Amino acid sequence: MPQIFSRGANLVPAQIIAILAILGAAATGTVWYYFTPKYTKVGYMPPQPIPFSHKIHAGQLGLDCRYCHSFVETAAHSNIPAAQVCMNCHSQVQKDNPKLEPLRQAWATGQPIPWVQIHKTPDYAYFNHSVHVNRGVSCVSCHGRIDQMEVVYQEKPLSMKWCLECHRAPENALRPLDKVTDLAWTPPTNGGELAALLKAEMGPGPGQLNVKADSKLKPDEAQLLMGNFLKSRRDIHAPDANCAGCHR
Amino acid sequence: MSKRIVQHPKETGEGPKFWRSFGQLEATSEFKSWQEREFQSGASELSTDVGRRGFLKIMTASAALAGLSMAGCRREEKALVPFTTGVEWSVPGKPIFYATSRPSRRGAQPIVAATHDGRPTKLDGNPLHELSKGGSNLAIQASLLDLYDPDRARRFQQDGKEATEADFTKWATELMAKAGTGESIAFLGEQSSSRTLARLQEEFAKKFPGALWATYEPLGNDEAVAAETASFGASVVPAPRFAHADIILTLDCDFLGTESRPDTTRAFADRRKPEQKMNRLYVVENRYTTTGGMADHRLRVQAGKVAQVARQLAEIVAKETASSDLKSVVEKFPKLETFSGNQEKWIAEMAKDLIANKGRALVLTGSRQPAAVQVLGHAINAALGTSAVEGVTRIGNPAKSIADLTKALRDEKKIKTLFILGGNPVYNAPADLKFREALKGVDVVRFGYYEDETTYEITKINEDGTVPADGRKFVKWHVPAAHFLEAWGDGTAADESHLSQQPMILPLFGGWSEIQLLNFLLTGKKSDGLDLVQETFKQVTGGITITAWAKFLHDGFVKPKDSGRKVNLAFQGGSAATLVAGYEAPKTGIEIVFIPCNKVEDGRFSNNSWIQELPDPITKITWDNAALISPKTARDVFHMQAEQGNGIFKFDNGSWITIQTSEGALEIPVYILPGHADDSISIALGYGRQTEGRVGGRRANMMSHGGFGAKHTQVGFNAYPLRSSKGHYITAATSVTKLDTDKAQTTLARDLFPKGYPLGITQEHGALEARGADLVREATFTTKGEDGKEHEFEKGFARDHEWLEQHHAQDAEAEAFDKLGYPEPRSFYTHPKEGRAALNDPNHQWAMSIDLSTCTGCSACMVACQAENNIPVVGKEQVIEGRELHWIRMDRYFVSVMNGKSDESKKIDIDEPRMVMQPMPCQHCESAPCETVCPVNATVHSDDGINVMAYNRCIGTRYCANNCPFKVRRFNFFDFNMRQKENYFVPNLWNEKGMAETLQLSKNPNVTVRMRGVMEKCTFCVQRVQEAKIAAKVHAKDSSDVRIPTDSFTVACAQVCSAGAIKFGNKADAKSAVNQDIENGRTYRLLDYLGVKPRVHYMARVMNPNHAMPDAPKDEIHELKIASAKEGAQEKGAK
C-alpha cells in the first residue's frame, strides 16, 4: 500500500508551528508598537480654529509662556488664554488679518473659540502643572520645543511609563526656577559657569555641587550635576511615586 | 514562614455584650452570613430574573457593541473652551469658596460653599462664625444635592399647563391692581429667619392691611413658643449654654439629633471629654434618639408620661429649693399618677443630683411636648437658678396659624387668592383641618421647590400605577422656587448675627426666591434680590459702604448694631401657672408618637437620595420609615414572637400592623427597637409621598429584583393623616392590631408583600468577627476628691490585651511575625534607585483619631463623605443585597450585660440596653491585609501611610474585601453612577447609560467617578492630601520646606463633625492635634491582635454615671479590664 502522505508531509506540522510563531510574533510586535501612546498619540497635530503660530509668538517675538498660560503657576490646569488676552495685542496688531476672523467673531459675540485639545492625560490621572513648574521642571520637558512649532503637536507620549521615567530620575529635568519657561535653555557646559549660576540661584544649604571650575562638561553631564544638586536642595525624592500621586 | 492563624477572642458569657440586632443574639444564619462574608452571600450573584441564556444574550450583544466601537482606538477630538473675557477670581480647575447661609427652621446656618467652575460642589460650616467653627450637619451636607435634583419644579404652570414667567407677572400685576386693602389675599409661609422677608412682610401689611399672613411648620415649635411666652414674655427665647452645664436633664428633647444645631452639638461635646470635668446627661424619652444614646442614665417612658416625670421632679425641686414660683406652678399643674419603684427612685436620685449641682444644672424639654410640660422645665431651671440658660431675642414676625387660615378660608370666604410660599401643607397639615377641601374655590398660587401634593391632586390612576395625562388636578399657579444657592437672601443665626446668602449659580430652572416674589407683589417689578438684601443690611448695620458690604459677603455675617445687649430672662410665675392649669393628660393606652425623622425632617428631603440611602442613625433603616415599638409591645400587643426556645429574640422587622386614630388608619410595618418605651409607637414623619419624585415619590422604590417584573413602591409610610391639630405630637390610638394581610386595604400589604414588608436595614451589614467589647471600649469617669483631677477612667480600655495575655504563645508568635516584617506595606512603584519603601515619608504620615466619647452617631460624616467623594447611591433593593457604597459607615451597637456563664441563663436585657456608635472608615492598616492579596497591585501603600486604591488598575477580584477584617471595602456591582434617570434604581446592565445632566454638575472634579467592577473605599480624602502637598511644594519653590503646615486642612468627615469627634492629621508632625489624641491614655486601635496596625485610632468611650442611680452600671463596664491603659497606649507604632 502506498503511503498516503509523502515524506515531505512530515515537515508540515513544523512549518505550521513556525508560521504560527512568526504570525504570533508579528501580531505581538504590531500591538506592541502600534497600540502604544508613542504611535497613537505622538505627533497628534490637529488643525486649530485659528492657525496660531507658537513659533512666531513664543519663538520670534519671545513672549513668555505665562503671558497667555497665566495660571500655570497656580493651578493644576494650564489655561488656554481668553480671547481678551489675544485682543490685548490684536486690537492694534494685525487688525485685519483674515486668519484672525474667528477671534474677532468671538470678541464681538462672546462665543468662545473652541481650541482643539492636544495634550491630554486620561480622566483618572490628575496631573498638576503648578507643582511641576514651581519646582523647576521646564515646559520643554513635556511639551518639547513649542517655540519652534508652527503648528503645535504632541511630542512626548504622555504615557504612564513616560511619567514614571522622569519621576524616578527627576535630576534629568530639574533646572533653576527662572529658566523654567526658557525652552531653549540648557545648563552651561563650563564648570565654572555652572557653579556660578547655581550659586546665584540658591544660597547656602544642603547638597554640594562637585564641579571643578575649569572643567568642560558634556551637556547631559552638566544637567545631571545640576539636577542632583537641585534635587537635594529642594528635597525632591521620587515625588509621590505611588498610585495616589496621580490617581485619586 | 508559616501562616499565622488568629482566633478572635471568644465571648465569655460575662460582662457587656455588644450586639447589632436580634439576629445577632439569635445567631441566625443570615447574621452569620453577614459576619463571615465580605458581602452577603447573594451580593455577588446576579439576582435578577435573567437566566443563563438571557445573560449570554446580553454578553454577546455587549461584545458586538465593543467590536463596533473600535473607533475608540483613535482619540476623539475634544475642544478646550476658554472664556472670551476673563472672569474675576476664576482660575480654571481651582475651587472658589463663598460664605453664605442655609435657611432653616431653627435659624439660618452659616456655611461656606465650594464652587468648581461655577458649580457648588460641597457645603461646609463657616469657620469664621463662632456658631459653626467649620462644623455643619446632615441637612447642610444633603441640601447641596437638592440643587441638582432633576425632579425639581422646572417651569411656571397655570392650571396645569406650562406658562411663562411673563404670563405669571401679567396675572399677578392684574391681581394686585385689584387687591384694594388686600382682604382677598392670604399667605401661608414657612418659619423664616430672613430679616429681608420680615421687612417685606411688614411693608406688605402696611400697603395691604387686610391680607392674612399665616405660617405653618409641621414640626414647628408652636408649643415651645407658647411655653416661652408664658414663662418669659413674648420676645425672649431661653438658650442653653452647655459650657456652664454640669448636669443636663432632657425631657424628650433630642438636642443632639432632630433638635440640634451644629453649635449646640459642639458645645455639648466640648464638655463631654473626660480630660476635663465631664458633664452628666440624664435622658427621659420614649424611643432611642441620638441624645438617648449619649445618655449616662436613660429612663424610657411613654412620651405622654414625660409630663409625669416633669411634675414629679418639679415637686421635689420645689420642696428642696423652696422656690415659690415653682411651687405655685406645680400646684396649678393638674395632678397626675406618680411613678413608683425603680422609676420613682430614678427620678428622686436624679433630682438630688440636679439640686446638688444647683446653678450648673440644666433641664431641657422637647419643643413638641405640651406647653405646660415645657413651662415646668423652665420653672425648674429658674428654681435651680441655673447659669446654663441665657435669654436671646426672638426673631421673626408673629403670624396666624394654619388653623386660623383654614377657618378664614372656610367661614369668612373673603379670601380669593392664597399664596402658599414653600412648605407642603396639603401633605402635612393636621388631618382634622381638611386643608385640601378648604382650598376649594380659592385661586392657589403655589410657590414651591417641587411639584408635589400641594401642587396637584391625583384623581385617576392607571392599572400599572402610573397617572394618565388627565389624572391630575392642578392648582391655579405653580411658581418654581430657587434653591438657596441660587438666590440673594439673608438669614439670622441663633446668636442674632446677620448672615449673607449669595447666589453661587444662576437659577437652573428659572426659579424665584421668596423675597423676589413678595417684592414683585409689592412693587410690580422683578428684582434680582440684591437691592432688597442691601436695603435690609442698611437697616441692620445702620448704613452701607462698599467695604462693609464686601466684608459682609466675604465673612458671611455681620453683628447687627443692636446686638450684644443682655436680654432679661425672668421667670413669670403668674402667667406660667395659668398656662399649666390647662394641661390635659393624654388618654391612657397605646400612644402614637409622631417623631421628626433624623433624615428627611418633615419630608422636605424626601427626594434627596443621599438622605434616603443614609441608614437612620438609630434604626439603620434606609429608604423607608416604620412603626417603632419595643420588644415587649411586639410580644404582648402584637404577638410577634416566635416560639420560645431558641427563638427568644426572634422578631420579624417588617411585620404589618394597622393603626387607627381619631383621624384615620394606617397600615405600616414595624421595627422592633430595643430601648423603646412599652405601649408606645413612634412613627417618623415625612414618608409615603405621593409625588412623581424618582427618589422619594410614589413609585420610587423598585422592589422584587431588578429590571424584570420590578414593582414600583412608595418610599415609607405617611403618618400625617393620623395627626390632628391637638394630637400633633402624641395621640392616643383608638386601636392597634396585627394586620391580617388578606384583609388589608393597601395593595402593598395585601398583594405585594403579604408576608412582611422588606425593610432595607443595614444594622447587620459589616458585622465584624471580633467581640464587640474589643471594638468599642468603654469606661466610667470617676473623679475622686473635689479637685476633679484624679480620674479613674483609664481602667478597662485594653480589652484585647487581656486576651493576648491569655494567649501568650500566640502573642509571641505575633511579635515574631512582626519582626519578619511581613506583610510589609509596599508600593509597586518603589523608587528603583533609592529603594524607598513605603511609610518612609519623613514629613507626612497621615492618621485619624475618633473620639467615641463625643460621637453622637448623627451620621453627617457619611453624607459629607458621599458629597466629597462622588459616591453614588444604590437604591433600596441593592442596600438589602448589601451593595451600599458608603465609604464610612456608622456601626450602632446595643450594649447589655451578660449575667451568667452557661448558655441557658444567658438572658440578655433587650428592653433597656445602652447604645453606642462607632464610625468605621477604612483603617488604613500599616500592614494592610488587603494589599497582599491584590493580584494586580491595585491597592498599595503610599509612603505617607495611606492605603490607596488605583481604580483604573482594579480588575474586581474582590480578594481585598475578602481579606479585610474591618469590612470597609465597597464594590461597584453595577454602574451606579451611570444609571438612566428613568430607571434610577434598576441595576444598569443592559440599559443605555446616562447620568442626569444636573447630577453631573454635582460631582467633585478632583475625584474619579468610579465605574462598574471596581473596588473602592475610604482614601483619607487623598485628593485633599494631594492638594495640600502640592500647595506646600508650590509654596516651597526651591527650598526644601515641603511639610504641610500643621492641621491646615482636614478630611470631609472630620470637617463636618460639629462634635469634633473625628480628627485627621499628620502623625509625623508632633504638634498636630491627632498626635495628641494618639498619645492620650484612652486611645486604642481596633483588632490590634491581628498585627495590622491601623492608622485610625479610637478613643475609648467614657461615661459619667451617677452611682446612686438605680440603673448605675455595677461593674460590668470594668468587667473585662485587666492590663493597664499604659500598655494600650504604648503601641509599637509606625516604623
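What percentage of the 248 residues of chain A count as buried?

Modeller: The model is a predicted one, and within it 27% of the 248 residues of chain A count as buried. The overall dimensions of the chain can be set beside that figure: the radius of gyration of chain A is 26 Å, whereas a compact globule of 248 residues would have one near 18 Å. Taken along the principal axes, the box that the C-alpha atoms of chain A fill is roughly 95 × 60 × 40 Å. Among the contacts in chain A with a separation of 6 or more, 73% are accounted for by residues 24 or more positions apart. As for secondary structure, chain A has 11 helices and 1 strand, and from the N terminus on its elements run α-α-α-α-α-α-β-α-α-α-α-α.

Turning to the contact between the two chains, 43 residues come from chain A and 43 residues from chain B. On the side of chain B that touches chain A, the elements giving two or more residues are β2 (79-80) and α32 (1022-1036) of chain B, and of these α32(B) gives the most, with 6 residues. By class, that side of chain B divides into 19 nonpolar, 14 polar and 10 charged residues.

One is a helix pair, in which the axes of α11 (residues 324-332) of chain B and α13 (residues 371-384) of chain B come within 8 Å and cross at roughly 155 degrees. Because angles over 145 degrees count as roughly antiparallel, α11(B) is roughly antiparallel to α13(B), and the crossing of the two is left-handed. The contact is made by B:Asp325, B:Leu326 and B:Val329 of α11(B), and by residues of α13(B) including B:Val375, B:Leu376, B:Ala379 and B:Ile380; by class it has 8 nonpolar, no polar and 1 charged residues.

The other is helix α27 (residues 860-868) of chain B, which is mostly covered, with 9 of its 9 residues buried. Among the buried residues of α27(B) are B:Cys861, B:Met862 and B:Val863, and also B:Gln866 and B:Glu868. The helix α27(B) is followed by B:Asn870, whose phi is positive, near 55 degrees.

Definitions and conventions:
Residues are numbered from 1 along each chain as its sequence is written. Chains are lettered from A and ligands numbered from 1 in the order in which they are written. This is a predicted model: local features need pLDDT of at least 70, side-chain atom pairs count only at pLDDT 80 or more; totals for chains, interfaces and linings use all residues. Axes are lines fitted to C-alpha atoms, for helices over the stretch in contact, and angles run from 0 to 180 degrees between N-to-C directions. Helices (H or I, at least four residues) and strands (E, at least two) are DSSP runs, numbered from the N terminus. Angles under 35 degrees count as roughly parallel, over 145 as roughly antiparallel, 65 to 115 as roughly perpendicular and the rest as oblique. A crossing is left-handed if the near helix is turned anticlockwise from the far one by less than a right angle, and right-handed if clockwise. Two residues are in contact if their C-beta atoms, placed from the backbone, lie within 7 Å. Ala, Val, Leu, Ile, Met, Phe, Trp, Tyr, Cys and Pro count as nonpolar, Asp, Glu, Lys and Arg as charged, and the others, Gly among them, as polar. The radius of gyration is taken over C-alpha atoms; the globule rule is 2.2 Å times the number of residues to the power 0.38. A residue is buried if 20 or more other C-beta atoms lie within 10 Å of its own, exposed if 12 or fewer, and partly exposed in between; C-beta atoms are placed from the backbone.
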